[in-house]
Amino acid sequence: MSIRVGFYVCHCGINIAGKVRVEEVADFARKLKNVVIARDYKFMCSDPGQEMIEKDIREFNLNRVVVASCSPRLHEKTFQSACRRAALNPYFFQMASVREQVSWVTEDEDEATQKAKTLAAAAINRVNYHERLDDREAVVHPDIMVVGGGISGMQAALDIGNAGHKVYLVEKSTTIGGHMLQFDKTFPTLDCAACIGTPKMVDVVQNPNIELISYSEVTEVSGFIGNYTVKIRRKPRYVKEGVCTGCGECANVCPVSVPSEWDEGLGHRAAIYRAFPQAVPITFCIDKKDRAPCAIACPAGINVQGYVQLISQGKYREATRLIMERLPLPGVLGRVCPHPCESQCRRLEVDEAIAIRDLKRFAADHTNLTELEPPEIQECSEKVAVVGSGPSGLTVAYYLRLKGYQVTIYEALDVLGGMLRVGIPDFRLPSQVLDHEIDYILRLGVKTRTGVRFGSDLTLNDLKQEGFSAVFLGIGAHDSLDMHIPGEKDTQGVMDAVRFLRQVNLGDKTCPGRQVVVVGGGNVAIDTARAAKRLGAREVTVVYRRSEREMPAYAEEIEGAKNEEIRFFFLTAPVKILEKQGKVDGFECIRTKLGPPDASGRRRPLPVAGSEFVIPCDAVIPAIGQKTHAPWADREPDLIWSPRNTLKVNLRTMQTSIPYVFAGGDAVMGPATVIEAVAAGHKAVEAIHRYINGEDLDLYAKQVEVREQPGRDWQEIPDGLYRKSRAHPQHLDPKLSATSFDEVDLGLSESEAQREARRCLNCGLCCECMECVRVCEANAIDHRMKEKELEVKVGSIIIATGYDTIDPTPMKQFGYGKYPNVFTALEFERLSNATGPTGGEILIRDQNGELTRIPKRVAILHCIGSRDVNYHEYCSRVCCMYALKYAHLIHEKVGHDAQIFNFYIDMRCFGKGYEEFYERCQREGTHFIRGKVAEITDQAIKPEEHGKLITIAEDTLLGRSIRIPVDMVILCNAIQARSDAQEVGRIFGVNQGADGFFLEEHPKLGPLDTATDGVFLAGVCQGPKDIPDSVCQASGAAVKALALATRGKVEIAPIISWIDPDVCAGCQTCIDLCPYSAIEYNVRKGISVVNEALCKGCGSCAGFCPSGAAQVKHFNEKQIFAELEGIIDSLNSVGI
Amino acid sequence: MRLQYPSDIKVIIIPCTGKIDILHILHAFEKGADGVYVVGCMEGDCHYTNGNLRARSRIKHIQKILDTIGIGGERAQMYNLSSNDGPRFAEIAVEMDEKIRKLGPNPIKLAQNTAA
């Protein structure tokens, strides 16, 4: 059949005809090949225009139609429909854009006419090669998704639900309601936002067709119009929806307080919270960040943030109980712990670390352990022997006992406590503290046998005979290292520090000498020196071979020793002990200097030749290190020792070479800290429990090894935090302290401790103190809740994700963040709202930052970040009206004598009832000043300006500059696209406009549609608008979605790829190129085949196919070449 | 917006720049086009995942071919543009028009004219 083309060129009034000589174009086209008829007409898109096409198709038997008019985006479908009505397949139609691409963008009439001719020729040439194509039909899934639960999202969901279709409403935050529910009143009617908003929220939750998925975000959308699959990430609330009754007891006991997002930071909320009392769903939510760095740093894994917070609430017993979940010796560690937690404390970034150890001690000192209810124990029959009653032994005994095991502690000495008892003197760790804590452990039913020395009185075999399932060796390191210098062994007056301290702690208070030299730089050396002083030594000297910086002893101990007039000889190494008649008569030393670092990372001391000198003394106490004393080692040959003379264990399970024997503490680590011994104890407890229950410990060790690194997503440190110095406990007067064994550190007072605890930044937000769990009668709280992923299928999606407001802080001239009484619009809404931080009273900040003062003069600044080329060029569209509302509310609440100044550029009061409201506010006496404020300052130049904020502006109507002193400034800060709009747009396949808002398909004719079919827009995510407009758009979007859903099917353009099976060489290159995995290889035929259901028609395959087999229908090679040739061939004939 | 741009620019619509075949562009030069440029979505924003990146590498390849055969690689260019940035579209049109005018007519066209 011969090709018969009909060509039509549109005048579009004068839009095209004003530049393009349309008759000439029609004449030109008439002469082109296969053109049967060419006409020009005023409005081709009008009814007569379309009828003309239909009539010509029938009359002239046309089988191709070309219209040269506007953009195909606008009217391609219109003309395709006209063809269809005249029984011509719509794909035999082609459009040339001679308005958007010619008349509107070309200055010269001749050039425009020539270009129009070439484009017409191209379209006519192309249409020759068009092929019949049939739309595909797809079934539309009847369910619909609405993303965003603000007023737009709620309205859309309700409309859809009421129409009888299922709708999923996904909301990112814990409650629906959106920004509107933060507002106080709504303009111009002054309806209360809550009064009109909360019933909608309730409707949503009660509508049986609406499934509300709150505190969740869409992560992935796949599929196409009518058939979308949406993945949703449900963040854990840690409170069970449906079980929580919303009583609020949990928030009352939660110790954490952080600024409330709902109140724009003007008020505070707990870590367990609900945005506002009318929130929907009513379920509370716990805000958790990653585990606080202090808790991560604690070797024993104590929930540091938790007990610090409990102390801030005065809940000392609860704090102690929380500590004891991981540490049976809170009072002991509260005194002697090296507190690795404090060096990780993020308060250091502001001022000083929280005094965590002192707080721990405070909690322990303020808890009477005899009154503490012991936890319930589920008994089991297995027996475990713990050898040694030091910190690791006590830890193992306590936690195994809590697991129900029958535990017996064997101790060589007559007293329990190990090094805690005999290694640390009373002035640092009073024995009663240790007694109380050990008593508590024993109260649980731990048995003890003292005076039984392992190795001599007791062997592993004995323990096995007695029926112990496992043995823990926590035998410590109670033997001193030698100095290896002459005179050390047999001179009277030389006694090692371990023995000395043991004697002192067991009650032997003999003075070691008049002049005592202590050798070493650790805590043991300092303890020894200070004990010697207390026993009456006149002169005590500490000799240390490195400098003070390298000293391992705690700084506060060194300081205390210095205060007690103990002398320090740094950079001094021992040479020999001088003797006279077998007694010590001086200590010869040599000066050292620091060389390069050694294996420990500390600089190695090198002796300075010829610098020997003698310290006169009659006693020398070396305190240079300890080792484990195990003369029985030969009798237990199966127990393997390391070359360092420590017990060899698997460091993850603390299991020794004998499977049922575990070990920890100094006997494994060498001399180390108490908290490390506790940590080793915990590892042993877990492993022994598993060992007894027959688990594979090697496998368990591997699991421990791969445990993931803790995250670092912590609560942000607020800007402008006041610096507060760290609490320091009182110490005994050095004159007193040097003569008695009373405790030197007096601890924090109650007020100091609470103040100190309140300095905590709550890095982990929820501190997991479990107070909420304790008070929740509904048992709704589950701190172990995990994130969930949900997948739903829907036919269409409505995006109603709303807006953010611009942060005015960078606009320095307005002083936001600098002057406390400059507020943003949303802050004012919260101040004025009855559920807000002031209960609806409009108050400003006093000098302490508290909201107490009543403002009498208020400036309202319009267009902050809107209509400003530096920020957003667009108008935020609601500010003029809410500024009027604010003026009215201030007059109403503060009094009609309040002076209110509205600084505006233009008043835009365009909606129904808006102008009338403007009039009303004018009558109420609000001052309107046309001019943008240049600066807000507190620099007074006139007496009436003192103590005020001065707004400096130009009154452009009067043409002069003005200064107006006010109490309060409200910034009408711009509405802007959500900060995550780009990411959200990517997920849904929706573009952003230059202003950042989501781009509609057409600004006038498709404001609800997007470039992705089946995805619609509603509300401010598409551009700034007020509540009525948002609601209208929501209902409109709902209708769009419902239209798809009720029809149940949809036509999809057939513009997809096709691989010619006769041409395809089977190279499979296209399979890798296809972004949708829509091409499969047919092995039998040796060719690639397009899966039409998956293909989106991008043409990636066609762009590279070496044989030209892959083509996009309607955009195939012949058609594109024809269009190209049409342009170039016509250039000559039009005379270019 | 109705921003003016030179009338020598003629637009051919394709579904995605990833569909551009090297042949399409070479054919345009063969037919006598003085310059060809491809305008795709912003990088990272391709509606079809990564078509615009493919187009970019193909344009690079074409530039080499054009250099080799003496037409000049500069006559083919790739631009990225967001669908809402009309001013930039007009700017690119002017830029390209000026560039090609400086380079003068396509040598193939000259050769054909001489031969004829």
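1. The model is predicted, and local features need pLDDT of at least 70, side-chain atom pairs count only at pLDDT 80 or more, while totals for chains, interfaces and linings use all residues. Residues are numbered from 1 along each chain as its sequence is written, with chains lettered from A and ligands numbered from 1 in the order in which they are written.

2. In chain A, four strands make up an open, parallel sheet in the order β2-β1-β3-β4 (strands are DSSP runs of E of at least two residues, and helices runs of H or I of at least four, numbered from the N terminus; two strands pair if DSSP finds at least two bridges between them). Because β2 (35–41) and β4 (93–97) of chain A stand at the edges with a single partner strand each, one side of each has no neighbour in the sheet.

3. Strand β3 (residues 64–69) of chain A pairs with β4(A) in the parallel sense over five bridges, and A:V67 has A:M95 of β4(A) as its bridge partner.

4. Helix α2 (residues 47–60) and helix α3 (residues 72–85) of chain A pack at about 35°, their axes 9 Å apart (axes are lines fitted to C-alpha atoms, for helices over the stretch in contact, and angles run from 0 to 180 degrees between N-to-C directions).

5. The contact between the chains takes 32 residues from chain A and 29 residues from chain B, where contact requires C-beta atoms, placed from the backbone, to lie within 7 Å. On the chain B side, the largest share, four residues, comes from α1(B).

Key:
Two residues are in contact if their C-beta atoms, placed from the backbone, lie within 7 Å.
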